Amino acid sequence: MVKKYEELKGKRVVVTGGASGIGKATVQRFVDEGAKVVAFDINEKALEAVKAEIPGLAGTVAVDVSSEESVVNGFKKVDELIGGIDVLVSNAGISVRKKFVETDFAQWRKVMGINLDGMFLCCKEAVSRMMPQKSGVILMTASTNGMEGHPYYTDYNASKAGVILLGRSLALECAPYVRVNSVCPGYVLTPMQRAEYTDEMLAVVNEGIPMKRHAEPEEVAALYAFLASDEAKYITGQHIPIDGGETA
Ligand SMILES: NC(=O)c1ccc[n+]([C@@H]2O[C@H](COP(=O)([O-])OP(=O)(O)OC[C@H]3O[C@@H](n4cnc5c(N)ncnc54)[C@H](O)[C@@H]3O)[C@@H](O)[C@H]2O)c1
């Protein structure tokens, strides 16, 4: 039986990258908790599918998190749809598996633009609404790749290390009113992961994880629900691995 958090009922929640993988599972989880949820995503077709799949959703908005104009307009739409924000799950991100020498500047800029600039832009909009109301929770999807080195993802890893310190620093500025934490998933079975790993590669990865498997997106969504709940009201400025023991 899934634990429910009464206090999440009616909370105004924005999830970025909400049309797939971890974001979609998080949208579903907060809708199940009775929250008013708006999903942002750049993929309009996938957003339409999510809208059909999750009828309790308060709204979807096509937003490119790497564009300031798009993010500002997205949050204006959130104000119209649900009247503000209590919880931000800033989750949209991309990864490209490439050797450092083959990573060109355009790819570096693109990964940084979505994974790090996107977090900055969404946090700015959320903080400017949460601080005056003296309450709110900001959660970001970083990665174990932001905690330690991994080959072939130098741009991605640098962006995720940035997310962790963005969160830790922002938590200090926003305390005691707004809590800020990031979550560091290890390997999660999502379309992102499927796009870059063959079945053979997945099997090799699973063998190296103490829990012998990838995480399900719903397991990360459960951590987000806990961190947004009152049970986590003393947790801020942290980056929390959910990795089946990988970093242990
Ligand atoms: N899958 C993993 O193993 C894993 C591990 C650690 C961290 N993460 C992180 O989790 C987050 C979600 O990843 P996922 O695995 O669910 O991937 P996913 O590809 O299934 O979902 C990512 C979503 O983000 C959206 N998106 C991409 N660019 C965007 C933009 N510019 N603006 C708005 N939306 C955009 C995509 O359309 C997609 O719907 C990412 O930040 C990723 O880095 C994933």
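Residues are numbered from 1 along each chain as its sequence is written. In this predicted model, local features need pLDDT of at least 70 and side-chain atom pairs count only at pLDDT 80 or more, while totals for chains, interfaces and linings use all residues; side-chain values use heavy atoms, without hydrogens and water.

The chain holds eight helices and seven strands, taken as DSSP runs numbered from the N terminus (helices H or I, at least four residues; strands E, at least two). Its radius of gyration is 17 Å, close to the 18 Å that the globule rule gives for 248 residues, so the chain is as compact as a globular protein of that length. That radius is taken over C-alpha atoms, and the rule is 2.2 Å times the number of residues to the power 0.38. Along the principal axes, the C-alpha atoms fill a box of roughly 45 × 45 × 40 Å.

Around the ligand there are 28 residues, and the closest are Ser20, Asp41, Asn91, Tyr156 and Thr190. The table lists polar contacts, which are pairs of N or O atoms within 3.5 Å.

| Residue (polar side-chain atom) | Ligand atom | Distance |
|---|---|---|
| Aspartate 64 | nitrogen | 2.9 Å |
| Lysine 160 | oxygen | 2.9 Å |
| Threonine 190 | oxygen | 2.5 Å |

Taken alone, the ligand exposes 820 Å², and the protein buries 92% of that; accessible areas come from the Shrake-Rupley method with a 1.4 Å probe. Helix H1 (21-32), helix H5 (154-174) and helix H6 (191-196) are the elements that give two or more residues to the shell around the ligand. H6 gives the most, with three residues.

Alanine 175 and proline 176 are joined by a cis peptide bond, with omega about 5°. Lysine 134, although not a glycine, has a positive phi of about 55°. Most residues other than glycine have a negative phi, and most peptide bonds are trans.

Conventions
A residue is near a molecule or strand if one of its heavy atoms lies within 4 Å of it. A polar contact is a pair of N or O atoms within 3.5 Å; within protein, one must be able to donate a hydrogen and the other to accept it, and residues adjacent in sequence count only if both atoms are side-chain atoms.
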